[in-house]
Amino acid sequence: MVHGLARARLGAGTVAGLLVVAALAAGCGDGSSPEASSAAVASTRPSASAAVATSPTAPADPSMSAVMSDPSATPADQIPGAQKSTFVLLNTRPAGLNGVTGTAWLAQNATTGTTLTVAATGLAPGGKYIAHLHAEPCSVKNGGGHFMFDPNGPAAPPNEVHLALPADSAGAVRATVTNARPVGDAAKSVVIHPVGALDKRVACADL
Ligand SMILES: [Cu+2]
């Protein structure tokens, strides 16, 4: 039942959003997928933006797509057994972000899949950030590349776990995203990046 609902949520109306998410989130600044590729992907996929423009259900802001943030989801910190991790600053962070602190919670099980919640403060007021599940611990290449369910699949949700983090006017954010599948122990860290400067990784939390 829950599985069915989760799958339904990824159905009609979100396909166009997924395409845009794929274009926007393609790079992660880890060297293997340079951030410049995001713009290239976006510019070579005019059909993605065209699809959004004609879809009545497409979100106005693709970063708010349900696959990258789900305000209706039960936050992971309210799910029994969730893993709690503390963010540590990375030396790749943009200037002015020396006071960022935050926590990530990861809950997962075979029936309900994965829930990721991130709360952070000290970000730029109104700044746009994104967190991903990464495949390496923070001590290895600042988290390395993205965790992927299928290593040969698309570098985008739902094959990866991305979480849009729009900071409020005080530089704080709290958001949750879900995925129908449990990530198991292959996801090693959560990394926060500035949108538009993904290689300037802000903070990392080991899982
Ligand atoms: Cu990332």
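Six bridges join β5 to β8, and the two strands run antiparallel. Strands here are DSSP runs of E at least two residues long, and helices are runs of H or I of at least four residues, numbered from the N terminus. Two strands count as paired if DSSP finds at least two bridges between them. Within this pair, His132 has Val191 of β8 as its bridge partner.

The structure is a predicted model, in which local features need pLDDT of at least 70, side-chain atom pairs count only at pLDDT 80 or more, and totals for chains, interfaces and linings use all residues. Residues are numbered from 1 along each chain as its sequence is written. The pLDDT is the predictor's confidence in each residue, on a scale from 0 to 100. The protein chain averages a pLDDT of 80, and 68% of the residues score at least 70. Confidence stays under 50 over residues 1-27, for which the model has 64 contacts beyond four places in sequence. Residues 31-64 also have a pLDDT below 50. That stretch has 49 contacts in the model beyond near neighbours in sequence. A contact requires C-beta atoms, placed from the backbone, to lie within 7 Å.

The protein chain has four helices and nine strands. Along the sequence, the pattern is α-α-α-α-β-β-β-β-β-β-β-β-β. Among contacts in the protein chain with a separation of 6 or more, 70% are between residues 24 or more positions apart.

Five strands form an open sheet in the order β2-β9-β8-β5-β6, with antiparallel pairing. β2 (88-89) and β6 stand at the edges with a single partner strand each, so one side of each is left without a neighbour in the sheet. Val88 has Cys204 in β9 as its bridge partner. β8 and β9 are joined over four bridges, again antiparallel. Here Val190 stands opposite Ala205 in β9.

Burial was assigned from C-beta atoms placed from the backbone: a residue is buried if 20 or more others lie within 10 Å of its own, exposed if 12 or fewer, and partly exposed in between. Of the 207 residues of the protein chain, 43% count as buried. β8 is mostly covered, with six of its six residues buried. Ser189, Val191 and His193 lie on one side of β8, and Val190, Ile192 and Pro194 on the other. Both faces are covered. Four of the five residues of β6 are buried, so this strand is largely enclosed by the rest of the structure.

The largest nonpolar core has 38 residues. Such a core is a set of buried Ala, Val, Leu, Ile, Met, Phe, Trp, Tyr and Cys residues joined through C-beta atoms within 7 Å. Leu116, Val118, Leu163, Leu165 and Ile192 have the most contacts inside the core. The elements that give two or more residues to it are β3 (101-109), β4 (113-121), β5 (128-134), β6 (162-166), β7 (173-179), β8 (189-194) and β9 (203-206). Leu163 touches Met68, Ser69, Leu116, Val118, Ile130, Ala131, Ala175 and Val177, not counting residues up to four places away in sequence.

Asp185 lies in the loop between β7 and β8. Asp185 is exposed, with 8 other C-beta atoms within 10 Å. Ala135 is 50 residues from Asp185 in sequence, and their C-alpha atoms are 9.5 Å apart in space.

Conventions:
Contact = placed C-beta atoms within 7 Å.
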